[in-house]
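Please keep the sequence and the model in view while reading.

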Amino acid sequence: MAVGLTLIFGVMRVVNFAHGDMMVWGMYLAFVLATRAGLDPYLAFPVCAVALFALGVVVQRGLVDPIIEAPHEMQILLMLGVALVLENTALLIFGPEPARVRSPLARLAWEVGPLYVDVARLVTFAVAVVLTLALSLFLYRTDLGRLIRASADNHYGALVIGADVRRIYATAFGIGAACVGAAGALVSPILPFQPPTGLSLSVTSFNIVIIGGMGSLVGAFIGGLLVSVAESLGAVFLRPSLKELFSFSLLIVILLFRPAGLFGKRTP
Amino acid sequence: MWAAALAVAVLLALPAVLSGYAVTIFILIFFYAFLAQAWNVVGGYAGQLSAGHAAFVGVGGYTAALLFERGVTPWIGMFAGGALAAVLGAIIGYLGFRFGLRGFYFVLLTVAFAEICRILASNVEAVGGAVGLYITFTGNPRQFQFQDQRAYYYIALALMLLATGVTALIERRRFGIYLTAIREDETACEALGVDVLKYKLLAMIVSSFLAGLGGTFYAFQNFSLQPGAVFGIPLSVEIVIRPIIGGAGTLLGPILGSFILTPLGEVSRSYFGQSGLHGAHLIVYGVLLVAVVLFLPQGAYPYLRKLLSRRNIA
Amino acid sequence: MTSRLSRRTFLKTAVAGAAVVTTPVTLRAQAKTFKLGAVHPVTGPLAEPGQACRLGAQMAVEAVNAAGGIKSKGGVKLELVLGDTQTKTENGRVEAERVVTQGARMLMGSFDSGTTNGMVSVAQQRRVPFLVDIAAADQITANVAKSVAEGQQKVQYVYRNFPTGSSFGRKAVQYFGEIFAEAKVTPKRVVLMYCNDLFGQTQSRGFLAAYKAAKPAWTVLEDDVIAWPEPPSDLSTEVSRVKSLKPDVISPITRPASAQILLPEIRKQRLDILGIVGPGSPGFYEAGQIAILKDDVEYAMVSNPWANFKNPRTIQVAEEYKKRSNGKTFDTNSGYSYDAVHVIADVLERTASLDDPDAIVDAIKKTSFSSGLMQYAGPIHFNELGDNPNAVTTMTQILGQKPVAVWPREAALQKFVFPRPKA
């Protein structure tokens with residue numbers, strides 16, 4: 001799920017509070033598709049991605065664009081407003097109870113020796129790998145992808161070579177939102193969600209992105225793995241309620257000694 | 001100067017005519033303006049965005065409340081809390097500045113420390129764990145408790161003025177000039193031989209000490225402390241958004257921001273919170289927040305100043 | 001265009017804001033209604049129980065008014081002034097101030113113990129009698145009682161009709177023992193698990209304290225109590241740890257979201273246990289939860305404040321509640337808020353004056369009310385701390401995908417199934 005965030009962050013340098021809430025919307029969309037149209041979330045995730053892409057473009061074009069020259073911190077506020085609207089619209093429409101999408105896959109578990117392999121998690125993991133690869137291909141092998149990376153590296157440079165920076169930003173923000181939407185749909189059978197779930201999702205994502213390295217897709221991916229391993233180890237060897245301590249300590253250590261993340265490019 | 005004196009005089013006289021709820025709103029405005037002003041020293045002037053200021057409020061509040069349980073009056077506990085918060089601020093600041101974390105990386109460092117405080121507070125039984133601390137209401141002024149809500153009004157007002165005074169003092173001295181210079185171009189400052197680390201660290205200590213004082217006020221006005229409420233990200237966000245909307249790095253920005261945001265939240269709740277549409281008032285608040293940002297993208301205080309100077313020229 | 005629009009909205013709201021701040025306190029003598037402030041978390045993470053509380057209170061007010069209002073006071077009608085804490089501690093006191101300024105002469109609320117303690121100070125400062133409908137932390141009433149006993153405060157304005165954390169624990173330990181005895185088993189490895197938040201920790205401390213005091217024949221693995229951060233994103237490690245402890249019985253204290261992760265995980269890892277018996281928490285019995293958890297929650301037991309479904313009025317109210325809430329169960333939260341309004345109506349019938357808070361407090365102290373819809377051990381009354389010692393819990397079990405009261409015997413609608421059948 002952190003893949004969406006790296007892209008938004010890497011390209012826009014936006015501190016995006018609305019990210020978690022967008023993901024919750026991806027989950028609710030999957031929920032609606034599953035309950036109304038009987039579509040399994042493992043098939044419905046592209047629909048959620050498309051819907052969130054549209055939302056991302058609208059937010060970028062309508063709200064972020066007009067204040068792009070304002071102090072950077074203003075965007076925090078803007079996204080906070082957007083997050084509030086998203087969270088409470090979900091509350092209004094879907095109510096406060098925790099929801100979860102039922103998928104036949106999510107009930108399966110394979111017993112491999114002493115281990116239990118959760119089929120749903122395995123599928124989610126596989127799709128995440130595929131999405132990461134597809135995104136890397138897009139960013140490194142297509143013209144639009146190269147332009148996105150160029151604008152992220154150097155805003156004015158991109159302007160100079162005549163790129164339509166606004167359109168590129170809108171696309172990038174949209175793609176980021178689409179990843180978030182797809183991720184939401186994919187975890188909806190595993191993770192129960194409520195309208196306020198967004199905040200903790202945002203925090204976890206930031207964590208993963210920083211540990212892995214900003215602007216690096218592979219890094220975000222490895223970061224995700226590291227965080228979950230650290231938390232599991234914490235839960236096994238110490239009190240499980242302290243397990244978040246490990247991911248935050250890991251974050252601090254990484255920030256201090258490798259601020260660009262494990263796989264990030266070093267920036268001066 | 002005259003305008004400021006007049007404003008203070010009005011605020012001093014106001015409780016006589018306000019309803020209890022209005023007094024409470026003003027307390028919130030002053031209190032958050034105070035925390036915002038504390039943040040402003042390091043976040044606004046020095047440009048080191050901290051998104052973990054809740055940690056200082058929490059440390060201050062917990063210290064005072066725990067000392068109170070052992071018979072120490074919060075009037076003393078308040079300063080002990082401020083001092084401990086300053087120590088935490090110094091540690092975070094030293095690590096962050098020593099290792100050269102800037103911008104968003106510093107934001108994350110502060111968030112991570114605040115979250116670690118929250119997790120520790122929820123797991124250590126000696127400080128109440130996840131249940132938190134409950135303070136007995138006595139209404140005894142010696143215990144920082146008051147039967148009359150207006151006493152809190154004056155204390156909150158005093159805190160706000162104190163922080164603003166401190167900030168004004170800093171602004172006028174060399175210290176303030178250095179801070180602004182560091183915000184604008186840290187590398188150039190270093191090249192000119194300014195001890196950047198020292199000044200940033202000082203700003204962090206002043207800021208966290210003030211926020212720590214606020215913790216006592218929080219604890220003895222709400223009578224309960226829970227890890228999620230005082231160390232959590234939402235409180236840090238409340239502290240940060242006020243100076244940003246008012247104009248970070250300006251003396252009046254945090255106060256203006258608080259006078260804009262607190263009433264917005266309360267008004268949308270009083271008018272839209274009664275309907276059967278749960279959440280409608282927060283949607284309204286969110287929309288208003290977005291509208292304010294689009295309307296005042298540079299912050300309220302810079303906008304006002306531009307408006308005033310335009311009048312003066314015309 | 002955008003900026004002009006936002007400016008207009010902004011100004012309009014600012015003007016409206018000025019109006020509410022200067023609104024004078026309603027003149028008490030002229031009021032034909034008695035305003036009651038009901039503050040609950042209607043948005044934010046605790047919105048689900050908060051909305052249940054609000055609806056329960058609204059239905060009860062309608063019922064009181066339809067039956068003629070406060071008859072001894074010329075049929076004065078009750079009017080709710082609603083408050084929303086947004087699940088933020090500091091808003092308890094802010095919202096209490098607001099509803100009191102808008103004329104509320106009594107307060108009820110607020111589900112979350114931290115917020116409730118903030119409201120206590122408003123009740124004591126402004127002399128507004130406050131009936132806590134839900135909030136379990138013992139300190140809420142005990143601290144005020146202490147303050148009055150020490151002479152720091154003259155009158156206690158805070159009372160509670162809800163089990164306290166410690167009475168939750170005592171009842172749970174008692175029911176566990178009785179059910180185990182009835183089933184002729186003596187589990188030696190009961191594993192306690194809880195969500196590490198305000199609620200989960202209050203409950204687990206109450207349970208462990210009561211267990212230590214009772215020294216029963218069955219045993220809890222006291223050194224291996226497992227807590228998880230709430231909300232969790234995954235509990236597989238925690239459940240593996242439980243599995244390695246070879247438990248007979250798992251005693252979880254959950255929130256709805258964590259129950260949705262915990263119960264399927266217990267099934268997936270195929271734990272061989274006698275059953276799941278919780279000391280008291282939400283997550284098992286709600287209609288929505290059962291719809292999602294299905295078989296995973298079948299036979300799970302939990303000791304909770306529960307409505308007395310032997311009472312035909314309860315069934316009637318529960319039916320109406322279900323209709324008005326889109327199919328939700330009339331449960332702990334809606335039920336206790338419903339009862340709170342009826343207790344308040346009873347107090348107002350008996351008070352010497354509606355305008356004197358101390359007269360209302362006198363009437364509260366003399367309460368002996370037996371028409372509550374929840375399961376009580378006797379009439380509702382308030383002890384020296386301000387708590388109702390007869391507010392007790394009931395052991396419920398999910399049987400045939402429905403929550404059913406199974407213990408104590410006088411409350412049971414069906415016999416419990418324990419140990420649970422092997423899958």
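Two residues are in contact if their C-beta atoms, placed from the backbone, lie within 7 Å. The structure shown here is a predicted model. In chain A, among contacts that join residues at least 6 apart in sequence, 72% are between residues at least 24 apart.

Chain A holds 11 helices and two strands. Along the sequence these elements follow the pattern α-α-α-α-β-β-α-α-α-α-α-α-α. The chain has 268 residues, of which 58% count as buried; here a residue is buried if 20 or more other C-beta atoms lie within 10 Å of its own.

Chain C contains 13 helices and 12 strands. Its radius of gyration is 23 Å, close to the 22 Å given by the globule rule for 423 residues, so chain C is as compact as a globular protein of that length. The C-alpha trace of chain C spans about 65 × 60 × 45 Å along its principal axes. Buried residues account for 59% of the 423 residues in this chain. Of the contacts in chain C with a separation of 6 or more, 72% are between residues 24 or more positions apart.

Chains A and C also touch each other. To this contact chain A brings 23 residues and chain C brings 24 residues. On the side of chain A that touches chain C, at least two residues each come from α4 (74-94), β2 (115-118), α10 (217-237) and α11 (243-257) of chain A. The element that gives the most to this side is α10(A), with three residues. Sorted by class, the side of chain A that touches chain C comprises 11 nonpolar, five polar and seven charged residues.

Two packed helices are described by the angle between their axes and the distance between the axes. In chain B, helix α3 (residues 54-69) packs against helix α9 (residues 196-222) at an angle of about 55°, and their axes are 6 Å apart. The crossing in which α3(B) passes α9(B) is right-handed. Among the residues that make this contact are Gly58(B), Gly60(B), Gly61(B) and Ala64(B) of α3(B), together with Gly212(B), Gly214(B), Gly215(B) and Tyr218(B) of α9(B). The residues of the contact of α3(B) with α9(B) comprise nine nonpolar, eight polar and no charged.

Conventions:
Residues numbered from 1 in each chain as written. Chains lettered and ligands numbered in written order. Predicted model: local features only at pLDDT ≥ 70, side-chain atom pairs only at ≥ 80, totals over all residues. Helix = DSSP H or I, 4+ residues; strand = E, 2+ residues; numbered from the N terminus. Nonpolar A, V, L, I, M, F, W, Y, C, P; charged D, E, K, R; others polar. Rg over C-alpha atoms; globule rule 2.2 N^0.38 Å. Buried ≥ 20, exposed ≤ 12 C-beta atoms within 10 Å, placed from the backbone. Axes fitted to C-alpha atoms, helices over the stretch in contact; angles between N-to-C directions. Left-handed = near helix turned anticlockwise from the far one by under 90°.
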